[in-house]
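Please look over the structure below. The report takes up helix packing, pockets and backbone geometry in turn.

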Amino acid sequence: MAEPVIRNLPLPEVGVEDVLRAEGNDGQHPPRQSIVDLYEDVLAESTTLVEPRAIWTEVEVEGAGRNELRLKGGLRLTSRLLVKCAGSAEKLLIFVMTIGAKIDEQISLYQQSGNISRAYVLDSVGSTFIALGSSMALSGMEKKYLELGLKTSIPLGPGHSYWKRLEDQQVLFRIAQPERIGLSLNDSNLMLPRKSVSMVMGVGNDLPEHNGQKHCDFCTLRGNCPMNKVVSGAKMG
Ligand code: SF4
């Protein structure tokens, strides 16, 4: 397997409206000025806390079964949707990104001191940063592969309704080694720091067209998930 690439990533542009969208506010009920002021203040604070970093590598795809993708080294990923989208890929990009532990620590401090509203807003801000940051980074990678004449599949990740087996995170960690940028898995195979994502994307010459579809389009939670609205409603650079 190739040596993983590690990069600090630029901060995505995040505005109050993005954070409100992440909380399920559809813009029909504009917030009071005092609320907007609080969100702007927390957003300003977050720029000192958010440290976007990513690690990624490629692994060869050796074959596909009905429900699993077989990778070089005897590793397997078990998602029927992944097989459908990337079963014909030559390789798989494994991408893991975090915005770091500082924001989790600050949220805990606010919770412990009873500043629950500020903890809540900072948590939403963190979710918005990781959703937009990872989406922006993966779009950039898609473009780079395209420039090399290669197609890519829809980025997918374990832990969404279309890919329930969270144990597959252990496979992604074995390949991409995100411990090198400070990530770990807890006993439930959830990533720490909390504001982190892991995604995989098939790469090759013979992949089905996805016509701009995103992973949320395949998720049963799509209608009720505010994070879906954050990415689809954002102006991506
Ligand atoms: S709708 Fe929500 S839960 Fe489903 S894939 Fe999108 S972000 Fe994940």
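What follows is a short report on this predicted model.

## H4 against H5

Helix H4 covers residues 102-112, and helix H5 covers residues 116-147. Their axes come within 8 Å. The crossing angle is roughly 160 degrees. An angle over 145 degrees counts as roughly antiparallel, so H4 and H5 are roughly antiparallel to each other. The crossing of this pair is left-handed.

On the H4 side, the contact uses Ile103, Gln106, Ile107, Tyr110 and Gln111. On the H5 side, Ile116, Arg118, Ala119, Leu122, Asp123 and Gly126 meet them. By class, the contact residues of H4 and H5 split into 6 nonpolar, 3 polar and 2 charged.

## H2 against H5

Helix H2 spans residues 33-46 and also packs on H5. Here the axes lie 10 Å apart, and the angle is about 60 degrees. H2 and H5 are therefore oblique to each other. The handedness of this crossing is right-handed.

H2 brings Leu38, Tyr39, Asp41, Val42, Leu43, Glu45 and Ser46 to the contact. H5 answers with Arg118, Tyr120, Val121, Leu122, Val125 and Phe129. The contact of H2 with H5 holds 9 nonpolar residues, 1 polar residue and 3 charged residues.

## The largest pocket

Which residues lie closest to the centre of the largest pocket? The pocket itself holds about 1400 Å³ of space. Its lining counts 49 residues, and those closest to the centre are Ser134, His160, Val197, Met199 and His215.

Several elements give two or more residues to this lining: H5, strand S6 (151-152), strand S8 (191-192), strand S9 (196-204) and helix H7 (226-233). H5 gives the most, with 10 residues. The lining of the largest pocket divides into 21 nonpolar, 19 polar and 9 charged residues.

## The second largest pocket

The second largest pocket has a volume of about 390 Å³. It is lined by 19 residues. Nearest its centre are Trp56, Ala137, Gly140, Met141 and Lys144.

Which elements give two or more residues to the lining of this second largest pocket? They are strand S2 (53-64), strand S5 (91-98) and H5. The largest share, 7 residues, comes from H5. By class, this lining has 13 nonpolar, 3 polar and 3 charged residues.

## Backbone geometry

Two loop positions deserve a look. A cis peptide bond joins leucine 192 to proline 193. Its omega is about -5 degrees. Proline 193 sits in the loop between S8 and S9. Both of those strands give two or more residues to the lining of the largest pocket.

Where is glutamine 177 placed? It is in the loop between helix H6 (168-176) and strand S7 (184-185). Glutamine 177 is not a glycine, yet its phi is positive, at about 55 degrees.

## H5 in review

H5 runs through much of this report. H5 packs against H4 with a left-handed crossing and against H2 with a right-handed one. H5 also gives the most residues to the lining of the largest pocket and the largest share to that of the second largest pocket.

Note on methods: Residues are numbered from 1 along each chain as its sequence is written. This is a predicted model: local features need pLDDT of at least 70, side-chain atom pairs count only at pLDDT 80 or more; totals for chains, interfaces and linings use all residues. Side-chain values use heavy atoms; hydrogens and water are left out. Axes are lines fitted to C-alpha atoms, for helices over the stretch in contact, and angles run from 0 to 180 degrees between N-to-C directions. Helices (H or I, at least four residues) and strands (E, at least two) are DSSP runs, numbered from the N terminus. Angles under 35 degrees count as roughly parallel, over 145 as roughly antiparallel, 65 to 115 as roughly perpendicular and the rest as oblique. A crossing is left-handed if the near helix is turned anticlockwise from the far one by less than a right angle, and right-handed if clockwise. Contact means heavy atoms within 4.5 Å. Ala, Val, Leu, Ile, Met, Phe, Trp, Tyr, Cys and Pro count as nonpolar, Asp, Glu, Lys and Arg as charged, and the others, Gly among them, as polar. On a 1 Å grid over the protein atoms alone, a cavity is a set of points where a 1.4 Å probe fits but cannot get out, and a pocket is an open set with protein on both sides within 12 Å along at least five of seven lines; lining residues have an atom within 4 Å of a point. Grid points are joined across faces, edges and corners, and a volume is the space filled by probe spheres set on the points.
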